[in-house]
Amino acid sequence: MLPISELVEPDRVHHTVYTDPEIFDREIENIWEKAWIYCGHESQIPNRGDFYTVQIGKQPMIMVRGKDNNIHVLYNRCPHRGTQLCGARSGNTGSTFVCSYHAWTFNLDGRIKGIPMAHGYDGTRMGYDNPSCSVKTAARVEAYRGFVFASLKHDGETLEDFLGEARIAFDDMCDRSPVGEVEVVPVCHRVIQHSNWKFFMENQLDALHPSVTHQSTGIAAGRIEQELKKKGETPPLYYHYLSTFASSFEKWDSVQTVNLPLGHGILTGYMGLRPDDQDTKEYVQAMYKAYGEERAEEYLGRSIHHVLVYPYLSVQSSLQQLRCLRPISANKTMSEIWHFRLKGVSTAIYRRSLWYYNLVNSPSTMVNADDLENWARGQRGLESDGGDWVSFHRNYGSDTIEDGVTYSSTGMSEGVMRSQFSAWSKYMEGSS
Amino acid sequence: MTESRLRKVLLEDVVIFGNEEASTTGAQSIAPDHVARRAYRDTELPARASVRSKMELQQEVEEFLFYQSELLDGQHWQAYIDLFASDGVYWMPVTLDQTEWLDSPSIFAEDKNLMRVRFERITHPNAWSQAAEWSLSHVLGNIVIESEQNDEVHTRARFHVMELRRDTVRHFGGTYHHTLVRQDEEFRIKLQRVDLMNGQAPYDFVLQAWL
């Protein structure tokens with residue numbers, strides 16, 4: 001493994017950052033098992049004893065609703081002999097975790113509750129008063145507007161500081177509800193990509209790729225959309241979601257990327273979610289009533305296409321979609337795909353995020369299929385000896401930096417990748 | 001010394017089962033019923049074949065479903081879409097207990113227009129993911145006619161699909177529920193419900209066409 005400074009240059013990176021298992025292990029240590037990692041939404045576990053298992057780096061964890069209504073994040077491991085305590089992906093464990101091997105029992109916060117035949121431990125270092133007889137917990141757990149994060153290290157910035165301006169992902173999602181809250185729709189699609197996780201993160205703010213990669217779907221949807229219009233019908237809004245992918249290079253170039261410290265980023269651009277129909281009018285009225293006209297207009301008019309929380313979350317806040325990466329190895333990554341329901345809005349408004357979820361983010365996606373294909377081809381290409389470097393030169397030198405935020409000169413600037421790798425270097429050198 | 005102790009231990013009369021006095025055992029004695037278990041498959045039983053005497057209808061349904069599979073495996077997409085009634089829907093719900101697709105997420109929920117979008121997409125020369133070799137092979141079985149009412153026939157069948165993509169084979173299995181209607185003497189699909197057995201397992205890649 002080369003030193004980090006030789007792997008990452010301002011305008012290009014060495015191909016091994018995508019392929020080297022040793023670098024991957026360093027990432028697990030320096031990023032995934034250190035930074036704040038998304039665990040889930042509070043509404044996934046509404047009742048006492050509800051749990052959801054989650055992977056943080058290489059650690060199998062349990063997010064559980066405790067007796068005190070607090071959320072705890074525990075290692076899914078019995079302190080006795082190491083057996084995983086939860087065998088299901090999610091469920092309710094009642095008031096206790098019971099180990100399936102020797103019936104050690106634990107409170108929902110992980111504290112030891114019962115050791116069978118406890119007298120057998122008399123005179124040994126194990127016993128009720130030894131904290132290592134309790135389930136190990138994540139070092140820190142915090143939530144922001146209902147979204148739960150954990151960090152496996154005690155030191156480091158607060159969640160709020162970690163998120164920084166990328167908080168807008170959750171603010172924009174929740175603010176679109178007249179009561180300021182969302183709840184999870186309890187379906188999580190999981191898709192495996194045969195590529196390094198970085199492909200996904202770069203792709204999400206890569207405005208040059210949609211009209212190339214997704215043109216087949218954009219063109220097909222646009223054609224049927226026009227056909228319906230010619231017949232005098234109003235095509236459902238979801239045709240627009242798909243046909244937008246085939247917009248011209250110039251259109252995509254007119255958006256902008258805002259690159260935040262720590263690798264987070266925002267792709268601006270407005271999805272046209274305010275058609276002039278009765279459902280929208282009622283929704284806008286409810287928003288005016290809740291927040292006043294000025295603030296409601298600010299919430300509804302935000303120019304946000306995607307927000308990235310580096311290195312693992314892609315949030316489409318205006319459509320309440322969230323994708324979370326769980327890296328498996330240098331060349332394999334799992335994405336978990338969720339969507340949320342705005343509280344206090346009509347079914348008609350919910351359907352907008354539902355149809356986006358079905359058509360773009362479900363396993364039958366007509367969009368992500370071609371991304372996955374690109375990333376798998378990309379991974380295989382970078383594993384080859386066909387070249388040493390990956391280029392991020394487009395619009396290099398023309399970004400503007402203000403208060404630590406890098407604004408791209410055009411939508412298609414590869415400033416996104418340059419900014420992500422600048423954050424990556426800091427993590428990997430242990431200075432973040 | 002060791003030998004005689006071992007001999008003694010092995011001759012001890014200890015019975016570790018059949019203890020009638022103990023009311024609880026193992027984990028139960030530590031944490032009885034710590035989880036409220038849901039009743040085992042406390043759902044409606046599948047419908048029995050309703051038209052056992054009508055062999056002709058049974059044969060007609062089987063022939064139709066087999067033909068549908070051949071169209072999918074042969075990638076005769078337009079002919080497959082033509083099997084659907086004008087208001088027909090191809091639906092793959094996420095869960096078995098789902099009853100509608102308008103207000104809850106589905107894996108597929110496509111009317112004929114959306115099916116045409118998918119058809120035109122996968123046949124577009126720049127559908128990049130289609131560059132890899134790709135084919136499907138369906139096997140159907142357990143075909144049952146659940147009911148026949150007012151020109152609507154409700155059928156149930158099991159499918160097993162193998163998919164080859166690039167160098168990898170995947171397997172999909174599950175149940176079809178078809179609502180068939182008659183149009184010009186021919187069956188048309190009003191609803192094809194596809195309950196994929198492994199629909200919530202992680203997907204290695206995605207589903208590009210109808211199963």
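In which sense, parallel or antiparallel, do strand β14 of chain A and β7(B) pair? The views below start with that pairing. This is a predicted model, in which local features need pLDDT of at least 70, side-chain atom pairs count only at pLDDT 80 or more, and totals for chains, interfaces and linings use all residues. Residues are numbered from 1 along each chain as its sequence is written, while chains are lettered from A and ligands numbered from 1 in the order in which they are written.

**View 1. Pairing of β14 of chain A with β7(B).** Strand β14 (residues 189–193) of chain A runs parallel to β7(B), with two bridges between them. Strands (E, at least two residues) and helices (H or I, at least four) are DSSP runs, numbered from the N terminus; two strands pair if DSSP finds at least two bridges between them. V191(A) has Y203(B) of β7(B) as its bridge partner.

**View 2. The contact between chain B and chain A.** Chain B contributes 32 residues and chain A 41 residues, counted as in contact if their C-beta atoms, placed from the backbone, lie within 7 Å. On the chain B side, α5(B) gives the most, six residues. The chain B side comprises 18 nonpolar, eight polar and six charged residues (nonpolar: Ala, Val, Leu, Ile, Met, Phe, Trp, Tyr, Cys and Pro; charged: Asp, Glu, Lys and Arg; polar: the others, Gly among them).

**View 3. The two domains of chain A.** Domain 1 spans 37–151 and domain 2 spans 165–207 + 255–428, with bounds from an automatic or database domain assignment. Their C-alpha centres lie 31 Å apart. The contact takes 10 residues from domain 1 and 13 residues from domain 2.

How values were computed: Contact = placed C-beta atoms within 7 Å.
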